[in-house]
Amino acid sequence: MKKNGIKGVVLGISGGIDSALCAMLAVDALGAEAVKGVRLPSRFTSDVSLVGAQRLAEQLVFDLIDLPIEPLFEASLYGDRAWDVTEENLQARARAVLLMAVANKENRLLICTSNKAEAAMGYGTLYGDITGGYAPLIDLFKGDVVALCRARNA
């Protein structure tokens, strides 16, 4: 990153284990001052997710901002048909658009927080959840993610 003049990293912080581990790895590797977390709330975001993300940022002492996806999501809706996977994918893509905007504006590298199980099952949305310049968990199944978190926290 230093060689390429990149200021730091940015990642979406959901309150879940994958983004928590990615944030912890980034802080360990780069220092908290080089890590920026982004909460991307929508009408579907639970208070538990928001609180979990806030607690993580406080514990690891990295900058955390909120960028609601609702306006971008609403502007992307297509037609009057019944809700389906299209709208779910639009939410993931809205998150990616905003995260990439932060990365570009602040000269940061976007960290993809997806794991191998999500990628292998097609769970990640193309140009959405699997967006990023570096994916530290992409070779780890969910059980490996849990084990690594336990080992790091020990």
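1. Val61 counts as exposed, at 59% relative accessibility. In this predicted model, Val61 sits in the loop that links α2 to β3. Its backbone deserves a look: Val61 is not a glycine, yet its phi is positive, near 60°.

2. Asn107 belongs to the loop between α4 (85–105) and β4. With 39% relative accessibility, Asn107 is classed as partly exposed, because that class covers the range between under 20% (buried) and over 50% (exposed).

3. The sheet is open and has four strands, ordered β3-β2-β1-β4, with parallel pairing. At its edges are β3 (63–66) and β4 (108–110), each of which pairs on one side only. From one strand to the next, the twist averages 25°.

4. The pairings of β1 can be given in more detail. Strand β1 (residues 8–12) is joined to β4 by three bridges, and these two strands run parallel. Within this part of the sheet, Val10 faces Leu110 of β4. Between β1 and β2 there are four bridges, also in the parallel sense. Here Gly12 is the residue opposite Val38 in β2.

5. Is β2 enclosed or open to the outside? Five of the five residues of β2 are buried, so the strand is largely enclosed by the rest of the structure. In a regular strand, side chains alternate between the two faces of the sheet. In β2 both faces are covered: Val35, Gly37 and Arg39 are buried on one side, and Lys36 and Val38 are buried on the other.

6. Helix α2 (residues 47–60) lies across β2 and β3, and its direction is at about 165° to β2.

7. Ser42 lies in the loop between β2 and α2. Ser42 counts as buried, because its relative accessibility is 17% and the cut-off for buried is under 20%. Which residues does Ser42 touch, leaving aside those up to four places away in sequence? They are Ile69, Glu70 and Gln91.

8. Leu126, Tyr127 and Ile130 make a nonpolar surface patch of about 330 Å². Of these residues, Tyr127 is located in the loop between α5 (116–120) and α6 (142–153). Tyr127 has 62% relative accessibility and therefore counts as exposed.

9. Gly5 belongs to the segment that precedes β1. Gly5 is partly exposed, with a relative accessible area of 42%. How far apart are Gly5 and Val146 in sequence and in space? They are separated by 141 residues in sequence, and by 33 Å from C-alpha to C-alpha.

Terms used
Residues numbered from 1 in each chain as written. Predicted model: local features only at pLDDT ≥ 70, side-chain atom pairs only at ≥ 80, totals over all residues. Heavy atoms only, no water. Patch = residues over 30% accessible without salt bridge, like charges linked within 9 Å, V, L, I, M, F, W, Y side chains within 5 Å. Areas by Shrake-Rupley, 256 points an atom, 1.4 Å probe, with all protein chains shown as cover. Salt bridge = Lys/Arg side-chain N within 4 Å of Asp/Glu carboxyl O. Buried < 20%, exposed > 50% of the residue type's maximum accessible area, 1.4 Å probe, protein only. Pairing = 2+ DSSP bridges. Axes fitted to C-alpha atoms, helices over the stretch in contact; angles between N-to-C directions. Contact = heavy atoms within 4.5 Å.
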